[in-house]
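Work through the exercises below with the sequence and the structure in view. Each task is followed by a solution in steps.

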Amino acid sequence: MAGNRDRFSTFSTATRLKQLGERTAAHVYRSQSRRQVRRSRLTGRAALLVLVLCTLVVALAYPMRQYVSQRSEIAEQQRAAATARDRMERLRDEKARWQDDAYAEQQARRHLHFLRPGEIGYIMSDPGAQPPEPHRTGQAGSDRPWYSNVWDGVDKADRPGD
């Protein structure tokens with residue numbers, strides 16, 4: 001043993017540092033090569049995983065797009081159905097009102113200026129209103145009975161030139 005100590009003591013510090021550096025370098029090289037082997041296996045697995053995920057995304061992209069578009073179409077159809085239901089309710093209410101004779105009479109008096117026998121009707125004109133457009137026939141429609149105006153309209157509709 002003493003001979004070994006003498007042998008180590010005969011080496012210079014530079015030689016010892018050189019051997020220590022070589023051993024450290026060999027140790028680092030071995031650990032790096034192990035890491036590289038591990039990384040290469042992990043990288044292959046990661047590439048396969050990425051490939052599988054990309055395939056799934058591509059495979060599911062079209063069905064998902066169809067699903068989303070169909071959901072929006074369903075929502076739009078539900079809104080249209082709700083609007084139609086509301087309109088139908090309003091029309092049912094209006095139909096029920098028209099079944100009442102008093103409402104029908106009220107509307108006839110209001111829009112058609114109907115009067116009961118013995119009543120006097122007045123029509124007020126607005127002095128600031130635009131004058132009515134002249135009729136094409138040259139005759140004023142207010143001088144004639146209403147059925148004459150209607151019949152003239154039917155005659156005009158039958159003539160192809162007018």
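**Exercise 1. Classify Glu119 by its accessibility, then find its salt-bridge partner**.

Step 1. Glu119 has a relative accessibility of 35% and so counts as partly exposed; buried means under 20% relative accessible area, exposed over 50%, and partly exposed in between, with a 1.4 Å probe and protein chains only.

Step 2. The model is predicted: local features need pLDDT of at least 70, side-chain atom pairs count only at pLDDT 80 or more, and totals for chains, interfaces and linings use all residues. Residues are numbered from 1 along each chain as its sequence is written, and side-chain values use heavy atoms, with hydrogens and water left out.

Step 3. The partner of Glu119 is Arg109, and the closest N and O atoms of this salt bridge are 2.8 Å apart. A salt bridge is a side-chain nitrogen of Lys or Arg within 4 Å of a carboxyl oxygen of Asp or Glu.

Step 4. Glu119 is in the loop between H3 and H4 and Arg109 is in helix H3, 10 residues apart, so the pair links distant parts of the chain. Helices (H or I, at least four residues) and strands (E, at least two) are DSSP runs, numbered from the N terminus.

**Exercise 2. Trace the network of salt bridges that contains Glu105**.

Step 1. Glu105 and Arg109 meet through their side chains at 3.4 Å, N to O. They are 4 residues apart in helix H3, which means a separation of about one helical turn.

Step 2. Glu105 also forms a salt bridge with Arg116, at 2.7 Å, N to O. Arg116 lies in the loop between H3 and H4, so this pair ties together parts that are 11 residues apart in sequence.

Step 3. Glu105 is partly exposed at 31%, Arg109 at 28% and Arg116 at 44%.

**Exercise 3. Find which residues of H3 are buried and where they lie around the helix**.

Step 1. H3 has 12 residues and reaches 16 Å from its first C-alpha to its last, close to the expected 16 Å. The expected span is 1.5 Å times one less than the number of residues.

Step 2. The buried residues in H3 are Tyr103, Gln107 and Ala108.

Step 3. Seen down the axis of H3, they fall within an arc of 135 degrees, so they line one face of the helix. The arc is that of the directions from the helix axis to the C-beta atoms.

Step 4. Just after H3, His113 takes a positive phi of about 60 degrees. His113 is exposed, with a relative accessible area of 53%.

**Exercise 4. Describe the aromatic pairs**.

Step 1. Rings of Phe, Tyr and Trp (its six-membered ring) pair if their centres lie within 6.5 Å; planes under 30 degrees apart count as stacked, over 60 as edge-to-face and the rest as tilted. The count comes to 2 aromatic pairs.

Step 2. Trp98 and Tyr103 are edge-to-face, at 5.2 Å centre to centre and 80 degrees between the planes. Trp98 is partly exposed at 41%, whereas Tyr103 is buried at 19%.

Step 3. Trp146 and Tyr147 have ring centres 6.0 Å apart and planes at 80 degrees, so this pair is edge-to-face. Trp146 is exposed at 64%, and Tyr147 is exposed at 52%.
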